[in-house]
Amino acid sequence: MRPTRTPEFEQRLAKRYRAERNFRRVGLGAVLFSVAVLVFLLGNMLINGVAGFQRAEVEVTIDFPTSGVTGDAVSLTAPSAMQTLEMQGLPDIVTFFAEEQLGKDAAAEISAEAWRDIAAALAEDPDLITRSQTFNLPTSSALAAGLQGEGPPAMQALAERLEKEGKLSRNWDMGFLSRSDATSPQAVGIWGALKGSMLTMLVTLVLAFPIGVLSALYLEEYAPRNRWTDIIEVSISNLAAVPSIIFGLLGLAVFLALFPNLRSAPLIGGMTLALMTMPVIVISGRNAIKAVPPSIRDGALAIGASPVQVVFHHVLPLALPGMLTGTIIGMARALGETAPLLLIGMRIFVATPPEGFSSPATVLPMQIFLWSDEIDRGFVERTSAAIIVLLVFLLTMNGLAIYLRNKFEKRW
């Protein structure tokens, strides 16, 4: 017999359906709000950062046969070619042709290091020495600001004149990805900091991942259940919540005391960040190991596998995707850290990329912090461009980790 649906029952049922619809609306609204904030953040960063990949340049034609610059394919490609060209007066030659074509006032606003771009072009193509060639040379920060309608009126007028003559424009600066830090926003590059971040993250990964995974395996599979194990587990959980600057103090007190000559080196930075990342990997690794069904262990033991084979041939491969997830989170956090690296001296001006793990270096977040502290507007644009590079680096690193996680993921 079908039960009678009273009005009170209908009201309660309608109320539950209404609550479910409201919950769905709230959830959808939360997702849409999150997406809108993300789109706004990325859009704002892209709009500001696009200008950071450009720089103001003037066109100057150099007639090498009449310039007095000499050399051949061997000398122009030698390591000492830059010094040789400077001794031959290439900076003065650039100034001479610039004054002849643009005027003294415009020639004075060409970057003092512009001749190095010409020297690099000669090293790449020594045949340029036999003909005339037009170069796009970086300008001073003042003229670049004048091109954007900022700065003194005289500089704006000069920029307007050169732009009308077709001699001044903003062009894509691919050298931004291959140069290192400089004192002028027209000459800065991100490669030094990017290479420093790569070396630092490599040291962090090599140290934190194997130690974290082995620690998780020991605590979950081998460690006896007693008071000492409980203390260790609580300590690891507490370390995961410790402010990052504390790990910087630890790196300063321990690593720099042991290796005082490696201050600001990627090796010290990676060791410091490995301490910060390791607890996250241990916790995620233990949770991943717990998620492996006990039947996997029982089945492996039943067919004759030893306890070590059970762990390394069955449990670890099945838990590896979860461990990689924790590693992604830990490495992403380490990539954006600045506080620990401040204390070990990585807040420095590095004009050349690091040659190895023991060379002085800085990292992308620190480079962004340094540029954001400058008053020149050109550095504001370069800061946005550097943030875009950092995001791309982070997405690439996470994408690789996700690919590896999906590759090793197994279903049961």
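How many salt bridges does the count by this rule come to? The count comes to 17 salt bridges, a salt bridge being a side-chain nitrogen of Lys or Arg within 4 Å of a carboxyl oxygen of Asp or Glu.

1. Basis of the note. This is a predicted model, in which local features need pLDDT of at least 70 and side-chain atom pairs count only at pLDDT 80 or more, while totals for chains, interfaces and linings use all residues. Residues are numbered from 1 along each chain as its sequence is written, and side-chain values use heavy atoms, with hydrogens and water left out.

2. E20 and R24 meet through their side chains in a salt bridge of 3.0 Å, N to O. The two residues are 4 residues apart in helix 1 and are therefore separated by about one helical turn. Helices (H or I, at least four residues) and strands (E, at least two) are DSSP runs, numbered from the N terminus. E20 is partly exposed at 39% relative accessibility, whereas R24 is exposed at 58%. Here buried means under 20% relative accessible area, exposed over 50%, and partly exposed in between (1.4 Å probe, protein chains only).

3. Further salt bridges. Between E113 and R116 the closest N and O atoms are 2.4 Å apart; E113 is partly exposed at 40%, and R116 is partly exposed at 34%. A salt bridge also joins R286 and E233, with a closest N and O separation of 2.8 Å. Because R286 lies in helix 14 (residues 266-290) and E233 in helix 11 (residues 227-240), this pair ties together parts that are 53 residues apart in sequence. R286 counts as buried, at 12% relative accessibility.

4. Aromatic pairs. The count comes to 5 aromatic pairs. Rings of Phe, Tyr and Trp (its six-membered ring) pair if their centres lie within 6.5 Å; planes under 30 degrees apart count as stacked, over 60 as edge-to-face and the rest as tilted. F64 and F135 form an edge-to-face pair, at 6.1 Å centre to centre and 90 degrees between the planes. Since F64 is in helix 2 (residues 64-67) and F135 in strand 2 (residues 132-138), the pair ties together parts that are 71 residues apart in sequence. Both F64 and F135 are buried.

5. W371 is buried at 2% relative accessible area, and F379 is buried at 3%. Ring pairs link F53, F176, W371 and F379 into a cluster.

6. Nonpolar surface patch. L214, Y218, Y222, V308 and F312 make a nonpolar surface patch of about 500 Å². Helix 10 (191-222) and helix 16 (307-335) are the elements that give two or more residues to this patch, and the largest share, 3 residues, comes from helix 10. F312 lies in helix 16 and is partly exposed, at 37%. Patches are made of residues with over 30% relative accessible area and no salt bridge, with like charges joined within 9 Å and nonpolar side chains (Val, Leu, Ile, Met, Phe, Trp, Tyr) within 5 Å. Accessible areas come from the Shrake-Rupley method with a 1.4 Å probe; for residues, only the protein chains shown count as cover.

7. Positive surface patch. K15, R18, R21 and R25 gather in a surface patch of positive charge. K15 lies in helix 1 (residues 7-50) and is exposed, at 56% relative accessibility.

Terms used
Lys and Arg count as positive and Asp and Glu as negative; His and the chain ends are not counted. The place of a charge is taken as NZ of Lys, CZ of Arg, CG of Asp or CD of Glu.
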